[in-house]
Amino acid sequence: MEMKLKSIVLSTLILFGTVGCLEPDYDRDAVRVVEVTEHGFELNGQSAVTIFVGEKNTPKFSFTMLKSDLKKGTLLQSTSNSEPNLAVSASVGSEYYTQSADFATSASLQVVELDKTNKIAKIAVGAKLVNPKIKNYTELAVTVVEVSGVNYDYLVK
């Protein structure tokens, strides 16, 4: 009886250990919403919100938009800092990247879905930013990120 119990426990541990190993690790490096600002502030004299996205819960890119632009279908695009209602920047280590009228930079944000019932927003973000001091670029390919939970509440507050 004792041997059978040990065998069952060992089999269970092996099964759960194997299942744990099968967990996909691509999500760990996926770009996701890390934080949404909860405090009120303004961009161009109007109420705004910032969405921080990054990998492994480390913010890298920040996208600031006007609250009045928070509607399904809204598309904000900026080439060389041409869209005043979209502010985008990034921090990589100690380096700071931004949009610039003097360099070939771009940024975009599109509100793909704004589901008030389920409190989920899907937003497509992308950017090519420059550190003008070292003339180096960082990029985020257009990626759809999901805003939910408390971050959704902050987004629409």
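This is a short tour of one protein chain, stop by stop.

**Before you start.** The model is predicted: local features need pLDDT of at least 70, side-chain atom pairs count only at pLDDT 80 or more, and totals for chains, interfaces and linings use all residues. Residues are numbered from 1 along each chain as its sequence is written, and side-chain values use heavy atoms, without hydrogens and water.

**Stop 1: the whole chain.** Show the protein chain as a cartoon. Helices (H or I, at least four residues) and strands (E, at least two) are DSSP runs, numbered from the N terminus. Follow the chain from the N terminus: the order is α-β-β-β-β-β-β-β-β-β-β-α. Of its 157 residues, 34% count as buried. Buried means under 20% relative accessible area, exposed means over 50%, and partly exposed lies in between (1.4 Å probe, protein chains only).

**Stop 2: the core.** Select Val53, Phe61, Phe63, Leu109, Ile123, Val147 and Leu155. In the largest nonpolar core, of 28 residues, these touch the most other members. Such a core is a set of buried Ala, Val, Leu, Ile, Met, Phe, Trp, Tyr and Cys residues joined through side-chain atoms within 4.5 Å. Which element gives the most to this core? Strand β9 does, with five residues.

**Stop 3: Val147.** Zoom in on Val147. Leaving aside neighbours within four places in sequence, Val147 is in contact (heavy atoms within 4.5 Å) with Val33, Val36, Lys119, Ile120, Ala121, Ile123, Tyr152 and Leu155.

**Stop 4: Asn136.** Now select Asn136, in strand β10. Why does Asn136 count as partly exposed? Because its relative accessibility is 35%. Not counting residues up to four places away in sequence, Asn136 touches Tyr97, Leu129, Val130 and Asn131. Look at Tyr97: its side chain and that of Asn136 are joined by a polar contact of 3.2 Å. A polar contact is a pair of N or O atoms within 3.5 Å; within protein, one must be able to donate a hydrogen and the other to accept it, and residues adjacent in sequence count only if both atoms are side-chain atoms. Next, find Glu95.

Stop 5: Finish at β6 and β7 (residues 95–98), which run antiparallel and are joined by four bridges. Two strands pair if DSSP finds at least two bridges between them. Select Ser89: Thr98 in β7 stands opposite. This hairpin has two residues between the strands, and Gly93 takes a positive phi near 60°.
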